[in-house]
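Me: I am new to this structure and would like to go through its disulfides carefully, with the reasoning spelled out at each step.

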Amino acid sequence: MEIKETEKYIPSKMVTLSTPLSHNSLSSPELSTKRHGCPLHQPMYLSESPVLLLRLPPLSTELNRCERAFVGNTIGQANGVYDKPLDLRFCDYTNEESNLKGKSLTAALMSDAKFDGADMSEAVMSKAYAVGASFKGTDFLNAVLDRVNFGKANLQGAIFKNTVLSGSTFDNAQLEDAVFEDTIIGYIDLQKRCTNTSISAERRVELGCR
């Protein structure tokens, strides 16, 4: 039986193949966090195959894991190498004005996190997994967002000015009023971006869509 992958990119160091965890295995009271609202959720399955389930790892049990974004990956690189994985899923960084600027968030897990109105200028998010995350009005000025999975993310009004977007995917993402000024993007990636119907006519001209 053929197994169809539902996502284009998953950080290779973070993926496991196994059967679902039981509800009891995630019931420990130690899985709470103090700040930025990091609730406990079940693992996020990326495949509905009856044979194998391709899934992200369980939510990190590290206390204050959301605050680790303010430090980032100290040896984070564009190829996805990092010193310690960043699990930022379900964290809330709404209107964060300074702590995310210029941080290296290489291969970070950002599913369903909120970055609305945050300043993420000059940040490095190479190979990050941001499916379902919210970046409404986020400032990505001069940021490096290569090979990021923005599937189903809310990017309304996000500012991609002089931003590297090579290899990033935006399947079913909301891109209303997003600004793509002087972005660095490959031709094939651009053609895929132009198929997103949420992009306004003005922004399509800005992108060079035909």
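Me: What makes the link between Cys 194 and Cys 209 a disulfide?

Reply: A disulfide is a pair of cysteine sulfur atoms within 2.5 Å, and the S to S distance of Cys 194 and Cys 209 is 1.9 Å, so the pair meets that definition. This is a predicted model, in which local features need pLDDT of at least 70 and side-chain atom pairs count only at pLDDT 80 or more, while totals for chains, interfaces and linings use all residues. Residues are numbered from 1 along each chain as its sequence is written, and side-chain values use heavy atoms, with hydrogens and water left out.

Me: Why is the disulfide of Cys 194 and Cys 209 called left-handed?

Reply: The torsion about its S-S bond is about -85°, and therefore the disulfide is left-handed. Cys 194 lies in the loop between helix 1 (187–193) and helix 2 (201–207), whereas Cys 209 is in the segment after helix 2, so the pair ties together parts that are 15 residues apart in sequence. Helices here are DSSP runs (H or I, at least four residues) and strands likewise (E, at least two), numbered from the N terminus.

Me: How many disulfides does a search of the whole structure find?

Reply: The search finds two disulfides, and one of them joins Cys 66 to Cys 91, with an S to S distance of 2.0 Å.

Me: Why is Cys 66 called buried?

Reply: Buried means under 20% relative accessible area, exposed over 50%, and partly exposed in between (1.4 Å probe, protein chains only). Cys 66 has a relative accessible area of 0%, so Cys 66 is buried, and Cys 91, at 1%, is buried too.
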